[in-house]
Number of protein chains: 2
Amino acid sequence: MHAPETPIREIGERALVQLLRSRIPEGPGVVAGVGDDAAAVETSPLTLVTTDSLVEGVHFRRDWSPPRLLGRKALTVNLSDIAAMAGLPRYATVSLCLPPDTAFGFLDGLYDGLLERGAETGVHVVGGNLAASPGGIVIDVALLGQGDRVLRRSGAQPGDLVVVTGTLGAAAEGLRLLAQGARLGSEGQLEDTGMWTASSAAALSRCLRAQLDPVPPLAFARTLSENNVVHAAIDLSDGLSADLLRICEASGLAARVDAAAVPVDPLAAGLERARGGDALALALHGGEDYELLLAVAPDRFDALRDLAVIWDLPLTVVGEFVAGEPRVLLTTGAGTEPLPPLAHEHFGAPGLPAVPEA
Amino acid sequence: MHAPETPIREIGERALVQLLRSRIPEGPGVVAGVGDDAAAVETSPLTLVTTDSLVEGVHFRRDWSPPRLLGRKALTVNLSDIAAMAGLPRYATVSLCLPPDTAFGFLDGLYDGLLERGAETGVHVVGGNLAASPGGIVIDVALLGQGDRVLRRSGAQPGDLVVVTGTLGAAAEGLRLLAQGARLGSEGQLEDTGMWTASSAAALSRCLRAQLDPVPPLAFARTLSENNVVHAAIDLSDGLSADLLRICEASGLAARVDAAAVPVDPLAAGLERARGGDALALALHGGEDYELLLAVAPDRFDALRDLAVIWDLPLTVVGEFVAGEPRVLLTTGAGTEPLPPLAHEHFGAPGLPAVPEA
C-alpha cells in the first residue's frame, strides 16, 4: 500500500487504476463491471440517467471537505436527481480529473466515501476514468437508475400544494461556517477549531454535515412512483426560489409561497439569529439542501404525510400552484411580492459559477 | 444569438443551459430528455455504460482542435468503447467544465460537433451538466449502449489470431504534425500553413483527421455480437503494445506479434520515412487509432474478413495468442523480443498523463 502523502504521479495511472478496480465489489445486475471497455449491466425497460460534477474551487475545497465526505457527496448529488424522478439508483460511473500532485490518501479517501455511500444506497460503481488535470480536481459521476413511473417537473396542476421535505437552510449555513473556519473530520465529527461551545456543537455539527454530507430522502422518493399523489418533483439543489421557478416554468404555472410556512432548519436558524442574519433567506435561496420539492394533489396530502412518517421525514406545505405566468410570489407580513430566483452561487458571481480566489 | 467571441460568463449559466437544451432534438426511446432532474430512456435488458473525458492540455489544445471536431471526438472516444463491446450506442450525457472566459463560439461549435456525431451514429444527448472550471476545459461524456452478447477482453483462447481493423499510426503522426504547426479547419479541411505541397496534402490530411476526428468501425463492431467468431475485443486507444497486453492480462495468455504484418498506415509511414522516423513504432505505441483489436478463432477468420469487406474495412492478422504468462512478444528480422507497453503519453511523462507546458 502507498503512503497517504505519496503524490499519485509517483504511483502512475496503470497502478492506480488497478488499485481502484481491486476495491470495487461486483454487484447484482452487473454482468461486466470495471476493467473492460464498457460495463454491461442488467436494466429494466425504463432507465433514468443523470450526471453531476463537483469541481474544486467551485463546489468544494480540499481544505474544507475530508476526502471521504467528498466521495459521499459526489454520489449523493446524483442520487438526489434520481430521487426527484422517483427512481431506484443502481449503477454509477466515476470520472476523475486529478492534478498529478494529488496525494494518494486523498484518492483513497474519496473512494472510501464513494463506495460506502454506494453500499448504503444499493449503487454499484461499474466504470470510471482517470485523467490528469492541469487545473484542480473534477469529480464527475454519471448515475443510472431504474424508473417505473416518470415523475417530471412539468406535471404540476393549478391548486396543487407546494410541499417541501425536511428542513431548509442548514447546508447554506454550513457553507458559511466552513468559511469561518469550522471543520468536520473524516468520520463526520466536529473538529475542535475553538469555534464552538457545548451548547452550539449540535447546531454546528448539523449544518456542516448538511453541507458536506447531505442525505436526500431516497427511500421516501421511491414511494412516489407507486401512486399518482405527486404530480411533479424537483430536488432542491439551487434553493427553493430557483427550483420552484423551474417547476413553474416546466408546468406553465405560478406559485405562491407563504414565508411563515417555510421549514427553516431550527439549528441553522438559531445560529443565524445569534449573528443577526436572515435565516429565511438561507432557506429560500441557500441551496444544496437536497430535499425534494413536490407538487401534491391537495386531497391527497394527508395520505402522503402519513407515508413520510414511516421515514421520520417532515413534509411541509409552503404554498400552492396557481394559474398564471411562471413566477414565484412570496407572502410575508409586509405583503405579497415576486420572489426572484437568487440561487446561491458558490464562490462566485451570478451567471456561470465563477472562479474562487485561491 | 450571441456573438461567437462573447465570453460565456456574460451570457450566464441559466441562459446557456436553455440555449443548449433548445438545440438538442428528441429521439426514439427518449421518454424524458434534457431539462429534468434525470433523463428517462427506454433500455433493453442489457445496457452498456462507459465514460471518457477529454481534458484541455492533456488530450487536446484549443489552438490545435476546431471546437466542432473536438465535440465529435468527445463522443467518438466513447463510441469506440461501446464498439469494443459489440454494442449499439444509444444515449449520451455531456458534462462540461468551462472557464468563465470561454468564448460562446467555442461552446456552440463543440455542440455542433457533438450533435452532428450523435446524429451520424444514432446517439441522443439526454442530459448534461455545466460547471465553471478554475482550470481548463473538461469534456466528460457518459454513453449508454444496447448490448446483446457481451464481448469481453477476457475471452481470448490459445491459438486465436490477433487481428487489427484498419491501419495504425496515422493518429500519432497527426499529433506530431499538429506540434509542427499543421492545422485542420472546422470542416476538416487542411489549412494553408505553408507546410505542405500538392503531393503531401493527402497524407497530412489523412493523419490530422485520424488524430482530430477518428472514425471507429462502429457498424462492423455491431456484427461481432451476432456470432461466436470473435472471442475478445478491445479498442486501440493506447496503442497496440499496451492494449494487446490488456487482452493478454484479462485472458491469462501471451501474444506473439509479427512486426512485418502490422498494418502501418501507408500515408503516415510515408511522412515518417521522409523525416527518417520509425513508422512501426508509431503503429505499435502511438495510440488513439480507435480501431479494434480482436481475438479471432483461426478457422473463422476468412468468414470475418468477408464480412468486413462490406464496410470496406481491412482486417489484418498480426499474430496469435499462446499459452504463457501475460506478455507481448514481437518478432522482427532481428529475432523475438518482449514488446513493452510504451503507451504514448500525450504531452507528458509515463505514469499519470502529465500536464503540458503552456
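**Entry 1: a helix pair in chain A.** I began with helix α6 (residues 201-212) of chain A and helix α9 (residues 266-274) of chain A, which pack at about 115° with axes 9 Å apart. This is a predicted model, so I keep that in mind throughout. The range for roughly perpendicular runs from 65 to 115 degrees, and α6(A) and α9(A) therefore count as roughly perpendicular to each other. I also looked up the handedness: α6(A) passes α9(A) in a left-handed crossing.

Which residues make this contact? From α6(A) I noted Ala202(A), Ala203(A), Arg206(A) and Cys207(A). From α9(A) I noted Leu267(A), Ala268(A), Gly270(A) and Leu271(A). Sorted by class, the contact has 6 nonpolar residues, 1 polar and 1 charged.

**Entry 2: the other partner of α6(A).** Next I checked helix α5 (residues 170-179) of chain A, which packs with α6(A) at about 100°, the axes being 7 Å apart. That angle makes α5(A) roughly perpendicular to α6(A). On the α5(A) side I listed Ala170(A), Ala171(A), Glu173(A), Gly174(A), Leu175(A), Leu177(A) and Leu178(A). On the α6(A) side the list reads Leu204(A), Arg206(A), Cys207(A), Leu208(A), Ala210(A), Gln211(A) and Leu212(A). I count these by class as 10 nonpolar, 2 polar and 2 charged.

Entry 3: I then traced an open sheet of 6 strands, in the order β1(A)-β2(A)-β3(B)-β6(B)-β4(B)-β5(B), with mixed pairing. Which strands form its edges? They are β1 (30-32) of chain A and β5 (124-132) of chain B, each pairing on one side only. Neighbouring strands are turned by 25° against each other on average, with direction ignored.

Inside the sheet I followed β4 (residues 88-98) of chain B and β6 (residues 138-146) of chain B, which are antiparallel and share 9 bridges. As one landmark, Val94(B) has Val141(B) in β6(B) as its bridge partner. Helix α3 (residues 67-83) of chain B packs on this sheet and touches β3 (46-55), β4 and β6 of chain B. The direction of α3(B) makes about 140° with that of β3(B).

**Entry 4: where the chains meet.** How many residues does each chain bring to the contact? I found 65 from chain A and 66 from chain B. On the chain A side, the largest share comes from strand β3 (residues 46-55), with 9 residues. That side divides into 34 nonpolar, 20 polar and 11 charged residues.

I looked at β3(A) again for its pairing: 4 bridges join it, antiparallel, to strand β2 (residues 39-42) of chain B. Here Thr47(A) stands opposite Val41(B) of β2(B).

Methods
Residues numbered from 1 in each chain as written. Chains lettered and ligands numbered in written order. Predicted model: local features only at pLDDT ≥ 70, side-chain atom pairs only at ≥ 80, totals over all residues. Pairing = 2+ DSSP bridges. Helix = DSSP H or I, 4+ residues; strand = E, 2+ residues; numbered from the N terminus. Axes fitted to C-alpha atoms, helices over the stretch in contact; angles between N-to-C directions. Contact = placed C-beta atoms within 7 Å. Parallel < 35°, antiparallel > 145°, perpendicular 65-115°, else oblique. Left-handed = near helix turned anticlockwise from the far one by under 90°. Nonpolar A, V, L, I, M, F, W, Y, C, P; charged D, E, K, R; others polar.
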